[in-house]
Amino acid sequence: MGELFLNRPLAHQTMSDVTWHPTAYRTHNLGQISEGADLVGKEVTVCGFAEALRGKGKICFVDLRDGTGRAQVFLKQGNLSDEELESIQNASRESTLQITGVVALKRPPKVADGEPTPPPAYEVVASSAQVLAGAQTPLPLGVTDTVHIDLNTRLNNRYLDLRRSHVNAMFQLRSRVLQYGREFLISEGFGEINSPKIIAAAAEGGTNLFPMQYFDTPAYLSQSPQLYKQLSILGGLDRVFEVGPAFRAEEHDTYRHLNEFISFDIEMAWADDEDVMGVLERMINHVWAKISKQEMHLFEPINEFRSSQGKEPVEVVIPSIPFPRVSYDDAIALIQKKGGDINWGDDISAAHCDLIADEYPGFYFLPRWPMEMKPFYIHHVKGENGTTGEQLSRGFDLNYGRDEMTSGGQREHRWEILEQNLRDMELDPADFDFYIDGFRYGAPPHAGWGLGVARLLMVLCGASNVREIVLFPRDRSRVTP
RNA sequence: GCCCCGUUAGUGUAGCGGUUAUCAUACAGGAUUGUCAUUCCUGUGACACGGAUUCAAAUUCCGUACGGGGCGCCA
């Protein structure tokens, strides 16, 4: 497998847009070597993981990999000391090596008649070689092995799993998605904030919190930046976003839930639900457009791997905007029409979403949920009623297929209505003073949303489990590594 | 939390009452090699744990542990 990518840098951007200064251990990275036409004849020092070592005699080939790419190193008796040659030949896979040598054009491989000659490739002819750190054998999982590996085995040995090229590519994509998302929001006047993760009480109703001890006071891990980004708006910050962790003590066990996850949140003053849905679809459109323009090389290892597993390649189709709006009313009618068992007032399950996705493949909004199904802080407009006459809310979801990506809405900005909403839900407003107090001194109408980063990446990378694109996932039964 | 299912070398698999427990890859040793998933030879290595049934259990049953899939809830 590795061979297929031997001459390709893992990250396009690393070579062209990034300034690489030499470090204490290397003068060049392997991405530079693999694009090394202008380095031929130059002496370089490179470092990397030994992906494959071939040859125990007078010559030896090493496929070396670092974070930027791969390159072959050629070692020949006489070019370097016998001790050095022997130490490399005795090294195990994934040991880290440091090689000094001259960049040269590789001798072209023998190709069968009719096969095209591969493009020129470059290698380092070693004049000196060191093992920096040996890898114990056997490896708990083979980085280049083509055998299937259980997700659990992979996560138990994530530090090795991450070395696999398609896994590595997914995390590079994640970094780009966040970068392009940030740059988009900043271009629309948003500023980045960080809200506290240690809180005294629930900032949003519903889920269970992880309790913790804060000196002598009981406290909790934050399950959402909801309240704090609203308080930022009340504080006059106008447009804010946050990328940060949220913690939920729910005993769920699915491909799309974790107990710690990264939420991409925005909050926007003087705006309603439609306004922030617009921000969201423009942001996703921008991210997809940038990815498809600049990062498609990252899908090569991903699709190469998928093909080895008999899976369809993933394609990046820039979703056109606006995304379809399927109101709650329309969704219920559509599900019923397609034979789904659902009544007005029921939650829309993943199976129901499959039915909607038949009609609306890709991203679609589900706006205007019943007020009684939404939390007390969601705004409603009197007179906006559903087909059964019940009050509708300005809350919405964004789905992709069967999966919910985002939940958001216009928030209620009037403290009297907040208190009334709580009383309507048979809750005591006094218990929510920590929330409502911030609203007592003038509040802009505002709206926002929270997007599950891993769920969005799942769509982009074609992953079937959020754990695949979370570095060290935390679920009900996993707190290590 | 509910309903199904699974656990065999480092990794991933075959076997489904009697096998010397299959194969790939990895690992160790050797030969070969400017190789291209190098090739070839030799070797090492496994039935999750506890109990039951049986002449005989990796294989059937019960329990435990761990894991997987689906659902609910959510992002």
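**View 1. Two domains of chain A, with centres 45 Å apart.** The centres of domain 1 and domain 2, taken over C-alpha atoms, are separated by 45 Å. Domain 1 covers residues 2-138 and domain 2 covers residues 165-469 of chain A. These bounds come from an automatic or database domain assignment. This is a predicted model, in which local features need pLDDT of at least 70, side-chain atom pairs count only at pLDDT 80 or more, and totals for chains, interfaces and linings use all residues. Residues are numbered from 1 along each chain as its sequence is written, chains are lettered from A and ligands numbered from 1 in the order in which they are written, and side-chain values use heavy atoms, without hydrogens and water.

**View 2. Strand β5 and its pairing with β3 and β4.** Strand β5 spans residues 122-133 and runs parallel to β3 (residues 69-76), with 3 bridges. Here valine 73 faces valine 124 of β5. Strand β4 (residues 96-105) pairs with β5 in the antiparallel sense, over 10 bridges. Glycine 101 has alanine 126 in β5 as its bridge partner. Two strands pair if DSSP finds at least two bridges between them. Helices (H or I, at least four residues) and strands (E, at least two) are DSSP runs, numbered from the N terminus.

**View 3. The salt bridge of glutamate 295 and arginine 176.** Their side chains meet at 3.5 Å, N to O. The pair links distant parts of the chain, 119 residues apart. Glutamate 295 sits in the loop between α8 (273-294) and α9 (299-308), arginine 176 in helix α6 (residues 165-187). Both glutamate 295 and arginine 176 are buried. Buried means under 20% relative accessible area, exposed over 50%, partly exposed in between (1.4 Å probe, protein chains only). A salt bridge is a side-chain nitrogen of Lys or Arg within 4 Å of a carboxyl oxygen of Asp or Glu. The whole structure holds 34 of them.

**View 4. The salt bridge of arginine 368 and glutamate 384.** The N to O distance in this pair is 3.5 Å. Arginine 368 is partly exposed, at 24% relative accessible area. Glutamate 384 is buried, at 18%.

**View 5. The salt bridge of arginine 440 and aspartate 437.** The closest N and O atoms are 2.9 Å apart. Arginine 440 is partly exposed, with 25% relative accessibility. Aspartate 437 is also partly exposed, with a relative accessible area of 37%.

**View 6. A salt-bridge network.** Glu51, Arg65, Arg70, Glu94 and Arg163 are joined into one network by salt bridges that share partners.
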